[in-house]
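I opened this entry to record what I looked up, item by item. The notes follow the order in which I went through the structure.

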Amino acid sequence: MALYHYVTQEQLSGFDKYKYSAVDSNPLSIYVMHPFWNSVVKILPTWLAPNLITFTGFMFLVLTFTLLSFFDFDFYASGEGYTHVPSWVWIAAGLFNFLAYTLDGVDGKQARRTNSSTPLGELFDHGLDSWACVFFVATVYSVFGRGETGVGVVTLYYLLWVVLFSFILSHWEKYNTGILFLPWGYDISQVTISVVYIVTAVVGVETWYKPVIGNVHYRNLFTVMIVGCLFVVTLPMSLYNVFKAYRNNTLKHSSVYEALLPFFSPVLLFVLSTLWISLSPTDIIEKQPRIFYLMVGTAFSNVTCKLIVCQMSNTRCKPLILLLLPMTAVVLLVISGTLQNGEIIVLYIWTAVVILTHIHYGVSVVKQLSDHFNIYEKIGLKAAEV
């Protein structure tokens, strides 16, 4: 694979000056999860690389997504009259999700414990987190499905965007304030998701058919939880933190245009993907929801990773990510009706292009920063010591 130098010299210089700054005020995280993670990290061997921990956690999420794709590709399995996902799959999903969450919590602790913290570690962690959003959402969706007792695929598309927007808000904050304020919704949602998977394995998906109170169903609670986390917790706290930085004259970008620059590409991605599902000649979201979600989530991760690079290197965010230019052509071609008989093929091809482009970007950036920080040499020295 030919690698490309995506990180500019200016950004590399910015990485040299980078200092990690984060605030975690979530009671669940402070009083429950951090003590648990502190215990877990003590049993890990010191030769275990933090980035390997990060990647292993991410692969647990990919494995869960793959399992559910096999047993519930079209999100119908939880509906009445369909063959349900086996209980062992839900048990595996619960364990894998909690393992992924735990590894995501201990990778940074392992880095500090072994004195191997680098800006690459943070970029790798948050970059994979941005991609994990789509795997979380698509996997949870299989609990309720798209039947009469579930959630429509279009509704789930907008809920996916609520999650994606919640994620990028934290990095928009850091782009403007220099401090990463860890969102409360993440810890709560991860613990809840893990519990829901295990409960589903024990009591069956039929339990979620029943109303909780009156006409309020579990699917309504699912929707309210996702939307509520954004509008009641994440968005108000983000705006407050940015406003506080502005009031204290510590805001990194003085003009409104510069402050909002990181939102331009995500908004364009939202507009393009929404145009596609709204004007699709074959109603693509109904026929291939899983692949469409995967394409959107991967493209979003690519956009977000480039914001994280700018935010960590203290450089200006580009208003337009180049990946969105060919996507614009693809969407216009599809909605024009020219490819009506081949829209599903186009979606699969474009999804493959987006995934390969994103992987190429990730591998190239990791290689470039590894060379810059002499990480391979340091790993060799540590291996020699062991």
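Before reading any accessibility value I noted the scale: buried means under 20% relative accessible area, exposed means over 50%, and partly exposed is what lies in between. The model is a predicted one.

**Entry 1: loop residues with positive phi**

I looked up Asn374 with that scale in hand. Asn374 has a relative accessible area of 41%, so it is partly exposed. I found it in the loop between α14 and α15 (375–385).

I then turned to Asn249, another non-glycine residue with a positive phi, here about 60 degrees. Asn249 sits in the loop between α8 (218–247) and α9 (256–260). With a relative accessible area of 72%, Asn249 is exposed.

**Entry 2: a further loop residue**

Which residues does Gln340 contact, once its neighbours within four places in sequence are left aside? I found Pro281 and Thr282. Gln340 and Thr282 are 58 residues apart in sequence, yet their C-alpha atoms are 6.7 Å apart in space. Gln340 belongs to the loop between α13 (324–335) and α14 (343–372). Its relative accessibility is 42%, so I put Gln340 down as partly exposed.

**Entry 3: helices α4 and α7**

Two packed helices are described by the angle between their axes and the distance between the axes. For α4 (residues 87–113) and α7 (residues 184–203), I noted axes that come within 7 Å and cross at roughly 160 degrees. That angle makes α4 roughly antiparallel to α7, since angles over 145 degrees count that way. I recorded the crossing of α4 and α7 as left-handed. On the α4 side the contact includes Trp90, Phe98 and Tyr101, and on the α7 side it includes Tyr186, Ile193 and Tyr197. By class, this contact has 12 nonpolar, 6 polar and 2 charged residues.

**Entry 4: helices α6 and α12**

I looked up α6 (residues 153–177) and α12 (residues 289–313) next. Their axes come within 10 Å and cross at roughly 5 degrees, which makes α6 roughly parallel to α12. Among the residues in contact are Tyr157, Trp161 and Trp172 of α6, and Phe292, Tyr293 and Phe300 of α12. The contact of α6 with α12 has 18 nonpolar, 3 polar and 1 charged residues.

**Entry 5: aromatic pairs**

How many aromatic pairs does a search of the whole structure find? I noted 30. In one of them, Phe144 and Trp208 have ring centres 6.1 Å apart and planes at 55 degrees, so the pair is tilted. The pair links distant parts of the chain, 64 residues apart: Phe144 is in helix α5 (residues 119–144) and Trp208 in the loop between α7 and β3 (211–213). Phe144, at 7% relative accessibility, counts as buried, and Trp208, at 10%, is buried too.

Tyr157 and Tyr158 form an edge-to-face pair, with 5.0 Å between centres and 70 degrees between planes.

How values were computed:
Residues numbered from 1 in each chain as written. Predicted model: local features only at pLDDT ≥ 70, side-chain atom pairs only at ≥ 80, totals over all residues. Heavy atoms only, no water. Axes fitted to C-alpha atoms, helices over the stretch in contact; angles between N-to-C directions. Helix = DSSP H or I, 4+ residues; strand = E, 2+ residues; numbered from the N terminus. Parallel < 35°, antiparallel > 145°, perpendicular 65-115°, else oblique. Left-handed = near helix turned anticlockwise from the far one by under 90°. Contact = heavy atoms within 4.5 Å. Nonpolar A, V, L, I, M, F, W, Y, C, P; charged D, E, K, R; others polar. Phe/Tyr/Trp six-rings, centres within 6.5 Å; stacked < 30°, edge-to-face > 60°. Buried < 20%, exposed > 50% of the residue type's maximum accessible area, 1.4 Å probe, protein only.
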